[in-house]
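Here's a quick briefing to read with the structure open beside you.

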Amino acid sequence: MATSRERGALTHPDVHKLSDVNRDILKILSRPGKGWWMLFGLAAAGVGLFLVSWGNQIVNGIGESGLNSPVGWGVYITTFVFWVGIAHSGTLISAILFLFRAPWRQSVYRAAEAMTVFAVMTAGLFPLIHVGRVWHAYWLFPYPNSRFLWPNFRSPLIWDVFAVTTYFTVSAVFFYLGTVPDVAAARDQATGLRKKLYQVISLGWQGTDRQWHHFGKAYIFLAALATPLVLSVHSVVSWDFAMSIVPGWHATIFAPYFVAGAIFSGVAMVITLAVPIRKVWGLEAYLTTKHFDALAKLCLLTSLIVLYAYLSEFFMAWYSGEEIERTAFWNRLFGDYWWATWTMLTCNGLVPVMLWFKRVRHSIPALFVISFFINIGMWFERYVIVVTSLHHEYEPFAWGIYRPSLTEMGIMVGSFAWFGFWFLLFTRLLPPVAIAELKEVLPPPLRKQSKEAH
Amino acid sequence: MTDGIKRRDFLKVLGVSGAGATLTACSTEKVERLLPYVTMPEDITPGVATWYTTVCDGCSAQCGMWVRTREGRAVKVEGNPDHPISGGALCSRGHASLQGLYDPDRIASPMVREGADFRSITWEEAEALLAQKLDEAGGRSLFIGGPLGPSMAGLVDDFMESVGGSRVEYEPLADAPLREAARIVFGVDSVPRFDIGEARFVLSFGADFLETWLSPVEYGKSFAKMSAVDDHGSKGRFVFAGPRLSLTGLNADEWVPIRAGSEAVVALAMAGIIAEDFGDAGPYAAMLAEYDVRRAAEVSGVSEDAIREMAHRFASEGPSLALGPGAAGHHRNATAANVAVMILNAVAGNVGRTIHFDAARGGSASRPYGDIESAIRAMASGGVGVAMVHGVNPAYSLPAASGFADAFASVGFKVSFASSMDETSAMADLVLPDRHFLESWGDTSPVSGVMAIRQPVMQPVPHFNSKQTGDVLLSVAGRMGRGMGAATFYDYLRNGHRRMHGSDAEFETAWRHALKKGVVVHDGGGQGAVPALRAPDTALAFGAPTLDGDGDLTLLVYPSSRFGAGEFSNSPWLQELPDPVSKITWHSWLEMNPHTAEAMALRDGDIVTVTSPHGSVDVPVWTYPGIREEAVGLALGGGHTGFGRYADGNGVNALALLPAETEQPSGALVTVATRVTITPTGEHRRMATVAGSDDQHDRPIAPAVALAALGHGGEHATEGGHGSGQHMELQGVGGFVPMAAPEEEVSDRFPMEGSRHGEYGDRENTARWVMAIDLDKCTGCSACVTACQAENNVPWVGEQQVVMGREMQWMRIERYYESVDATHAAPLDVRFLPMLCQHCGNAPCEPVCPVYATYHTPEGVNAQVYNRCVGTRYCANNCPYKVRVFNWYSYTDAVPEPMNWQWNPDVTVRENGVMEKCSFCMQRVREAENRAALEGGRDLRDGEIVTACQQSCPAEAIVFGNLRDPESRVAHVVANERTYRVLDDLINTQPSVNYLKKVTFHEVASGEHA
């Protein structure tokens, strides 16, 4: 990973003074154009689809899904893990890379953090969506009650509740804290209602030394707090599977495998989101090929880890000599869901091979396309893990086939809309690029900075 | 009094508003006054079940029943252990008779035709109308009914005699050829008693005695006695000869896949071989010479050696017993085939040993189909003024080609006594809804020497204004001035029985005793002597029967083990019960050998058109290795059009492909009559099957052990028949530590060290409930599945949900093919495994539940708390046995009034979003514990708690009890070298359900299965 300040420093012809940063970033918060409204309308319609599908399922029963016996988990859990995974790279980029002082993160971390928060908000809905009696879902929380009943702390699902809620809390606070100086900058430019709003949420930020001092300390503490969560949350999510005895789930490799997969998919999602943002708002000055190059390398690394995990799973299934384990993995490759497995292997193992080439890493359109493949591949990875493991388990007579229903597809597609809905709002309401931190890495204007410097 | 509200006023207001709220909430239209019992009815204690005896009227077997009623409603039927036919067990159809009682499609009141519709009338009007029409018909009336009990038969005969006319007995699947053969060969006009339990070698020529043939429950019991390995390591052999393996066939030790119609030549060839040694074929000696082995091999398609070996075994491994083709094999020479089988039995000396004429089966008239044929002619020619149909549905159960529908339609006045609308009653002019047999009086004598009174077990279901046909006939006779000496059928019945007793007091005692016990067994007075072979008085053709049509495939139409000939089709339990062979629910399927299907490029679920010279149907293909390559099979019972909401539109009626032809000379309907052609339609459907894989993939799920390896097998060496190695598996609950018990003195050290509870409970005095299932006895008949469904309020989900994989039954009978070969090259080995919650000691479902909705009780039972369940389904995912079922919808909401009257009040009805599974019938455990507590706090007795599945098993393959009691039956059964627990060696689940391996005659292929 690049750690040199030079490599991360901004050297763009259009940016001469620090106030140019304010100008470029805050103009995004101006009146939205037609394109934004169209996207926003699309997202709102998708949220409508999401709510109608879910409402229908609550009223009529979870039978509106295509789930059955033996496949008790399907698209919902797949999508849950997918969104939790997406959530990971936000924290990685903002917290871990902050602690490691990787300067290239400044341009992307705000969007990545927003992505984290919204992805956790999306992911957190799926455990609610998939349970049979959502009206009793609060029983999973340990709250004092007259029945003296506590949840079962041995159940990975309870760990999951804690992991996801903790992660949401920490990442939301971290996200919010980071925006405070920038919201203050926006407040100074805004008028009317928007100004009032920014006044409230900027917490009276004046940019004094004392405030910066506290801010810096708080930020570094939160970063330190969030860092282990990157590893723990997805480890816990992986234990939802690994703690069971289902062949194909019960594997010790799951925690690192899932963490790597989460970062892999999260970085890909950052690329997917950053490319249009950069284009639409003319942020070429701040999101350069250097940044994309770094993201692509991260993708490549995690892709290799994930591929290694795939191969070692297959190897271990063969090496164990255990017939049931072997059948499970043979079935993955050549069974009823072969297409899902091969989609996964192609998208996550084969396509990222192209990232070895610098020309590809420096081509924004190529990265955009590759990131899409990775997003699809990582969704299918979870689908393969969840569905193919369940549909051929121990008892051959109970083997079955699962086909997602329209309701499930509606909710899955709707979840993307739900995520997009918040993300679009975010781009209009909060500075989508960290103004203050960008300024930190800009060459100091006092030295009569010219484009030749450095 | 002080100010404010008084306590009584407060309670009044509370009561009134509460009642008001309740009534509003229930949206009853009229406000009813609800009162508790002022004077408690004598028989009813709220919360305590009352049991009545009666007799099942499902089929001609007439099993004795116990009916459990709660607060005046029948909620469960069970076999009457005192009854010699059922011996305490019951089949699925018997259990489902409750759904006939509460069938929402029963007729609400008498109806008269008005144009195309019916108009409800009163019984007064209806009876007056019938009396008037009978008067007008002036003796030209006809009564078509099924086999009736002695009193009812007498009443109908008397009635028809007095009004002028005749009674025609019609039974769609009568075993007339068998009876006719007995008459021809032995001169006895009845079906003899077959003592399968006494035989050591049983050869069935397509007699499906575990499903539909004569008396399936009785034979299920005796078959278990014959075929299951006994304490001395001895086991009877069962060979099935026929073109298609029925469920009965799947239980055979060997399948000799003879062509359809070749039973007679094979049986005669065998008889010839045996007669060479024993030399007594009586008047048939000359004929046997004609049918030699070479010819038999040619006709049947199996090798001469196979027939010779079968003959030698039949003669030497005796006592043997051969059973002739039943309804599934009624080809044009079916009587001859039965004659040949009788000869074989006689030559082998089985008459008097395994075939008895002392308690012969009376039952149906000798020419059931022939009689209805002449009735159809009479109706068509206008010779019938009033036609009455009772208890049968000929418009459905006769081939369309018989012309019944047209002939019946031409009758001036048609009366139906059906209790629910069916295809025949839809054509009637007057419909007089009969009572269900559980609301009726009657008597039965299925076998000479066995007499049972059928009594109503509850008040008639009030939704239906029904009246027992006997009462109607008596009342009509009275109106016509031809009174028959009794006002009600009850009186008529009692009058009839009183004649058999000296004094009234004696009669009353006997009557009460009969009702209480449910059966009277006396000396049959049948023929005790062994009848000799007689020369045939009828010309018989023993060769291969003729088949219509010029297709390549022989069509085998067979009675369904769930629906019979279609009379049970309106029961959702039976519709959703996986067929014991195909495991398909709700719809029909065409059985086809995989090689045939491959040659035609057909896969499971491809819809084909089956065309015979008599009609065609569209049906999906199901490939089945248990059928010969040149044959296809189609079950009866589907394709109803006017029988009720659960039957209509499901499947096809196989009768559409058959000619309306009778077998000669017996007069039975021919079911193997035509060749068919198969044309793919290009359509495909997802089958409503519950079967995943038919192959157990070498997993230790349903292993077997060779008979030769029993008792002295390698590492599981045993002493005195009690295994010690396996005892190590009997460690208890909740522990992870495998317990190594000392090798010696194990059998008397129950409970084992380690068979302790987890962290809670009284370790010394709590029971440890376990179950043992003997797979050598289990026949896969699936009676337990329906019994469980009835006991535990398990909903049915419908065809579409089964297609999606959402069947809810708490038990499933897994069916694995180890070796099924239609060319006779490989041994037959099919494994049935009743799979239910294993109540694991180390249950994978328990730790993963986030809310403790499933947990371990101190009694070793894996409990499911429905009210606590949130529905994450993690437990089901983590269950290696896949026995947990989920309420994807509130299926019980769809159960119509009054079918919901059947619900067992001791078991919760579950809602949408909740996981459920087998509870080991915990409500029955608690009931027994309560009873024991009330009876002075005594200890529970072993055998006092019987689970629903165990209760209904004809083979007594299931035993339930307390393992901690060393004297309990289950402890003894489990202490067997055959005991194993499914997947336990692999994943250490420590199940409470112990299976005893199936025993085979052949070597079991892999070491893992041994």
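Two residues are in contact if their C-beta atoms, placed from the backbone, lie within 7 Å. With that in hand, B:Ile343 is in contact with B:Val185, B:Leu268, B:Ala271, B:Ala281 and B:Tyr284, leaving aside its neighbours within four places in sequence. Keep in mind that this is a predicted model: local features need pLDDT of at least 70, side-chain atom pairs count only at pLDDT 80 or more, and totals for chains, interfaces and linings use all residues. Residues are numbered from 1 along each chain as its sequence is written, while chains are lettered from A and ligands numbered from 1 in the order in which they are written.

**Chain B overall**
- Chain B has 28 helices and 39 strands; these are DSSP runs, numbered from the N terminus, with helices being H or I of at least four residues and strands E of at least two.
- Take the contacts in chain B between residues at least 6 apart in sequence: 73% of them join residues at least 24 apart.

**Domains of chain B**
- The domain assignment, with bounds from an automatic or database source, gives domain 1 (111-172 + 367-521), domain 2 (176-361), domain 3 (553-684) and domain 4 (704-1009).
- Domains 2 and 3 of chain B have their C-alpha centres 26 Å apart, and 24 residues of domain 2 are in contact with 24 residues of domain 3.
- On the domain 2 side, α5 (176-186), α7 (247-250) and α12 (334-347) of chain B each give two or more residues.

**Where the chains meet**
- Between the chains, 39 residues of chain A are in contact with 42 residues of chain B.
- On the chain A side, the elements giving two or more residues are α7 (156-189) and α12 (323-334) of chain A.
- That side has 20 nonpolar, 14 polar and five charged residues, where Ala, Val, Leu, Ile, Met, Phe, Trp, Tyr, Cys and Pro count as nonpolar, Asp, Glu, Lys and Arg as charged, and the others, Gly among them, as polar.

**Nonpolar cores**
- A nonpolar core is a set of buried Ala, Val, Leu, Ile, Met, Phe, Trp, Tyr and Cys residues joined through C-beta atoms within 7 Å.
- In the largest one, with 388 residues, B:Met270 and B:Ile343 touch the most other members.
- Helix α4 (residues 75-99) of chain A supplies the largest share of this core, 16 residues.
- Another core, of 56 residues, lies apart from it, and B:Ile372, B:Met421, B:Leu430 and B:Leu493 are among its members.

**A buried glycine**
- A:Gly400 sits in the loop between α15 (364-391) and α16 (406-429) of chain A.
- A:Gly400 counts as buried because it has 21 C-beta neighbours inside 10 Å.
- Not counting residues up to four places away in sequence, A:Gly400 touches residues including A:Pro70, A:His391, B:Gly692 and B:Gly805.

**A helix and a sheet in chain B**
- In helix α21 (residues 783-791) of chain B, nine of nine residues are buried.
- After α21(B) comes B:Asn793, with a positive phi near 55 degrees.
- Strands β17-β18-β19 of chain B form, in that order, an open antiparallel sheet; strands pair if DSSP finds at least two bridges between them.

Definitions and conventions: Buried ≥ 20, exposed ≤ 12 C-beta atoms within 10 Å, placed from the backbone.
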